[in-house]
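Q: Got a model open here and I'd like to go through it. Can you help me read it?
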Amino acid sequence: MNDHPKNPGPENSGFGGAPEPRSGAESTVRTVRCKEVESLAFLYACDELDAGERASMDAHVAACPACAAVLARDVCLQQAVASVEPPADSLDRSGLLLAQCRSELAEALDDRQAAAGRSAWPTFLSPYAWWDALRHTLIYHPALSMSMLLVAGFLAGVAGQRLPVGPPPIIGSQPRIAAPPVATAASQAPAQPRVTEEQLRNAESAHVAWVNPSGSSSPRVQVELNSPDPMDITGSPDDADIQRALTFLLENGQRFDPDVRMDSLDVLRMNASDPDVRRTLCATARLDRNPGVRRKALDALQGFERDPMVRDALLDAIESDADPGVRVEGIHLILSSLQAEGAGASDRQVLEILRDRLHSDPSPAVRRHSADALQQLGQPGQ
Amino acid sequence: MAAHGMTMTWSGNGSGDSVRGSASIGVSGRSLAPADERSLIERAQSGDREAFEDLVHCFDRDVLRIALNILHRPEDARDVYQEAFLKVYKNLPRFRFECSFYTWLYRIVTNVCLDHLRRRSSRPEDQAPDLASKACGEPIPGDFFDRQQDMAASSDPERRMQGLEIARRISVALERLTPRERMVFAMKHYQGMKLRDIGDALGTTEETVKNSLFRATRKLRAQLEGLL
């Protein structure tokens with residue numbers, strides 16, 4: 001132990017009882033008693049005693065071997081703690097965690113802003129306010145809830161008797177829903193969405209397939225949602241319900257197989273000119289846990305690199321994606337976009353990122369592609 | 001383990017509602033000139049999303065570092081990061097420049113961390129110490145460079161083994177501390193803060209902090225018995 005105290009001197013600091021606030025003027029020598037050493041030693045070890053108190057401890061332990069041992073033990077403990085690397089140093093060396101945090105925060109802020117937009121409605125017009133009021137009424141008035149339930153049951157029974165009973169509708173060129181009664185009602189009212197939020201939420205697995213190939217004159221796609229109430233919908237890639245279902249599959253990627261997400265990307269990319277679709281593709285490129293899906297999402301954004309949202313997603317992928325293949329894909333896309341615009345050499349942000357990758361990326365492939373890209377942009381990395 | 005000079009004076013509830021005082025803290029991610037920082041904050045206060053994100057990027061490395069040092073788990077640190085900055089976003093219009101932004105932010109972050117530790121301590125199944133298992137020789141998570149740096153930490157195998165054992169026992173001991181003791185320990189030993197500043201950050205007295213640190217040290221000492 002290197003810091004073993006040596007100098008004697010009389011002093012005391014009142015830890016554990018009623019310690020006095022310390023100041024420079026109070027750094028006078030007091031007597032330290034043996035019973036106080038236990039509580040002062042750890043403060044000494046972690047450098048929380050002022051000069052006077054420190055001198056007092058030094059003086060005391062120099063004359064008291066038992067207390068010297070107590071102090072030595074605490075100093076030794078302090079050194080052991082100091083020798084351990086702080087967790088933050090080892091838990092995010094690559095900076096990937098920081099990138100994930102930033103991405104998640106950006107999404108959360110988007111949600112907040114969207115919610116704020118909704119709440120901008122006058123309160124009495126807001127459907128949310130009405131729903132809240134109804135909910136509270138039902139919660140706090142159980143008798144009323146029961147009566148309403150009975151009335152609703154009665155009305156549903158009467159309405160059910162009046163509904164036409166017959167074979168399911170013939171599915172031809174019209175988009176269809178396989179779920180029998182609800183689908184029938186829905187197909188008679190084309191303004192209603194053919195897939196409800198609940199059906200999407202309940203989907204346990206899914207299958208996406210082309211009915212007519214994407215290269216044909218009238219491409220059509222079929223989305224099957226498997227759940228206790230299975231259903232499928234068929235339509236063109238720009239059909240609103242198809243897009244909604246595919247967006248759901250991508251946004252809830254943890255519940256569906258990567259190949260389903262890949263197929264969803266295949267369809268959605270045909271409508272990448274739609275900003276909402278691009279938003280979904282950008283989110284997938286950032287957040288999907290499968291690198292292949294992220295790579296494909298980036299690829300689907302090709303041609304829209306001038307959109308700031310897309311550009312950010314590309315640059316984020318190059319800078320912080322965990323998978324070297326995704327980073328390389330990002331480099332290719334940004335390079336081809338800059339070459340098409342003829343603006344490569346003037347885009348300092350991209351050049352900086354490429355240089356950074358060239359010098360610090362752990363993957364040799366990424367470093368090589370960064371060097372190639374810089375070369376092609378007429379800016380060989382230093 | 002670098003110690004950072006830091007003085008703070010403030011009061012408030014940690015949610016950004018009322019914080020007064022002045023601070024100069026030697027811990028900061030990217031340095032901004034005071035005028036630039038003020039202008040950025042004012043723009044963010046007026047609803048400029050881009051300015052808010054710039055502000056976040058100036059300080060978020062430190063925030064993540066604090067959260068990692070206190071919670072030791074990347075997933076929890078992510079939660080803290082998001083929760084803290086969403087609180088900042090919500091309360092920023094009420095920030096009146098009566099203390100430095102970093103001081104205000106630090107208090108919010110430490111409060112969120114404390115809440116996390118309290119929630120964690122009420123879930124026994126959620127208390128497996130990640131760092132301890134890492135130190136035990138299990139596969140080290142992270143990328144290639146993480147692993148390389150860990151492997152190269154010490155070329156003396158005996159010393160390395162002892163270092164790992166100390167790290168493991170410290171990690172185990174930290175899991176057994178109360179949330180407040182653990183906070184104080186991390187702020188003192190990993191963030192390098194003085195006890196008085198810790199008291200300010202946690203809205204308590206230096207004496208209370210001292211007692212917490214004393215208890216934490218005693219438990220740690222018991223855990224490291226025979227190793228030192």
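Q: Which way does H4(B) cross H8(B), left-handed or right-handed?
A: The crossing is right-handed. That term means the near helix is turned clockwise from the far one by less than a right angle; anticlockwise is left-handed. This is a predicted model: local features need pLDDT of at least 70, side-chain atom pairs need 80 or more, and totals for chains, interfaces and linings use all residues. Residues are numbered from 1 along each chain as written, chains are lettered from A and ligands numbered from 1 in written order.

Q: What angle do H4(B) and H8(B) pack at?
A: About 135°, with their axes 9 Å apart.

Q: Which residues of H8(B) does H4(B) meet?
A: Pro179(B), Arg182(B) and Met183(B). On the H4(B) side, the residues include Thr110(B), Cys113(B) and Leu114(B).

Q: New topic. How many residues of chain A are in contact with chain B?
A: 32 residues of chain A, facing 41 of chain B. Contact means C-beta atoms, placed from the backbone, within 7 Å.

Q: Which helix gives the largest share of that side of chain A?
A: H5(A), with 10 residues. Helices here are DSSP runs of H or I, at least four residues, and strands are E runs of at least two, numbered from the N terminus.

Q: And how many helices and strands are in chain A?
A: Chain A has 17 helices and 3 strands.

Note on methods: Two residues are in contact if their C-beta atoms, placed from the backbone, lie within 7 Å. Axes are lines fitted to C-alpha atoms, for helices over the stretch in contact, and angles run from 0 to 180 degrees between N-to-C directions.
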